[in-house]
Amino acid sequence: MSARLMLVHAHPDDETSQTGATLARYAAEGRVTLVTCTLGEAGDIVADDLSYLTAETLGEHRLGELHAAMADLGVTDYVRLGGDFAYRDSGMTTDEQGTVHPLDDLHPDCFWRADLLEAATHLVALIRDRRPQVLATYDTVGGYGHPDHVQAHRVAMYAYVLAGTASFRPDLGGAWTVSRVLWTAWDAASVPEMVAVADQLGLSELLTGWFDPGAELPPMFVPHEYIGARVHEQPWAAQVASALGRYRSQVDVDDPWWQFVKVAPDVPRYESFRLAAGVPFPPGEHPATDLFAGLSLDD
Ligand SMILES: [Zn+2]
């Protein structure tokens, strides 16, 4: 009897930058499986001394970063969807309004072009083997819109249905119905707290344009009533900061943005999730403080 959590992420570092505390907590309290869909070959390299890396060598390098980060978070079960290098990072482009789009010139092996059934079938095999009670991934727009995040969402949701369908590919193991599916989210009610944290850190300019009066919030924000559960980051903050620092090719932990969202100590932060499918969170505590709240963990 144990809590088993599976997370589906698009690129190495997404798991730490978005759900690092969640990974560390449930690796300590139960069992965690991380599924990473690509090796991030199209990422922008932020460290000058790593600028020699190319799209052909960055994936291998980021796999090494992933190994080091998972060691910091205590996660031992982490795999790539379909195996290493099965799906390639699709890249992205941003228009003048700041909206993210797929590239016009897509690599033939990129995740955005993956056959949905084929990709989901890889995940079905993992779900049936690991039998997670909770599956977490991105929302319908992939948080900020990266095509690989959107695709990870689609693959995870399709695989959730197929894994529980006994007549679908019985050769991949007995049907397993995940009890609860969660999508990562930001809590709209946390905006004043975010502004206060930015002020506290002297980084107010980071939020310029984000929360203008009358403007819509960025799409990853949802009303507080829809936040089903959240993980308080503070107990895991040191591990998460260390793990994020392993991704030197992608993340400069001294950058104000990363200080604000993940690294600077002693500020309140939560990793929040909305309920997408399955068993509702029990009434009472809202948001729940445990992704498994109210679930039976008997098998
Ligand atoms: Zn990503």
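1. D266 is found in the loop between α8 and β10; helices here are DSSP runs of H or I with at least four residues, strands are runs of E with at least two, and both are numbered from the N terminus. Phi of D266 is near 65 degrees, a positive value in a residue other than glycine. At 67% relative accessibility, D266 counts as exposed, where exposed means over 50% relative accessible area, buried under 20% and partly exposed in between, with a 1.4 Å probe and protein chains only.

2. On the basis of the note: this is a predicted model, in which local features need pLDDT of at least 70 and side-chain atom pairs count only at pLDDT 80 or more, while totals for chains, interfaces and linings use all residues. Residues are numbered from 1 along each chain as its sequence is written, and side-chain values use heavy atoms, with hydrogens and water left out.

3. A second residue with positive phi is F85, where the angle is near 65 degrees and the residue is again not glycine. F85 lies in the loop between β3 (77-80) and β4 (93-94). Its relative accessibility is 42%, so F85 counts as partly exposed.

4. The backbone also has a cis peptide bond, from H286 to P287, with omega near -10 degrees. P287 sits in the segment after β10.

5. Overall, the protein chain has eight helices and ten strands. Its radius of gyration is 19 Å, close to the 19 Å that the globule rule gives for 299 residues, so the chain is as compact as a globular protein of that length. The radius is taken over C-alpha atoms, and the rule is 2.2 Å times the number of residues to the power 0.38. The C-alpha trace spans about 55 × 50 × 35 Å along its principal axes. Of the 299 residues, 51% count as buried. Among contacts between residues at least 6 apart in sequence, 79% join residues at least 24 apart; contact means heavy atoms within 4.5 Å.

6. The zinc ion is coordinated by H11 (ND1), D14 (OD), D14 (OD) and H149 (NE2), at 2.1 to 2.5 Å. Donors are N, O and S atoms within 2.8 Å of the metal (3.2 Å for Na, K and Ca), and water is not among the atoms, so sites may look incomplete. The angles among the four donor atoms run from 56 to 135 degrees, and the site is irregular. Four donors count as tetrahedral if all angles lie between 85 and 135 degrees; four count as square planar and six as octahedral if opposite donors are over 155 degrees apart and all others between 65 and 115; anything else is irregular.

7. Along the chain, the zinc donors follow the spacing H-x2-D-x134-H. Distant parts of the chain are linked here: D14 is in helix α1 (residues 14-29) and H149 in helix α5 (residues 147-163), 135 residues apart. D14 is buried at 7% relative accessibility, and H149 is buried at 0%.

8. H11 is in the loop between β1 (4-9) and α1, and is buried, with a relative accessible area of 5%. The side chain of H11 makes polar contacts with the side chains of D89 (3.5 Å) and H149 (3.4 Å). A polar contact is a pair of N or O atoms within 3.5 Å; within protein, one must be able to donate a hydrogen and the other to accept it, and residues adjacent in sequence count only if both atoms are side-chain atoms. Leaving aside neighbours within four places in sequence, H11 is in contact with residues including T36, R62 and H146.

9. The largest nonpolar core has 50 residues, and those with the most contacts inside it are L5, M70, L73, F260, L291 and F292. Such a core is a set of buried Ala, Val, Leu, Ile, Met, Phe, Trp, Tyr and Cys residues joined through side-chain atoms within 4.5 Å. Helix α2 (residues 58-73) gives the most to this core, with five residues. A second, separate core of 32 residues includes C37, L81, L123 and L162.

10. In helix α8 (residues 256-263), W258, F260, V261, K262 and V263 are buried. Their cover includes α1, β7 (180-187), α6 (191-200), α7 (237-245) and β10 (270-278). D255 caps the N-terminal end of α8, with a side-chain oxygen 2.9 Å from the backbone nitrogen of W257.
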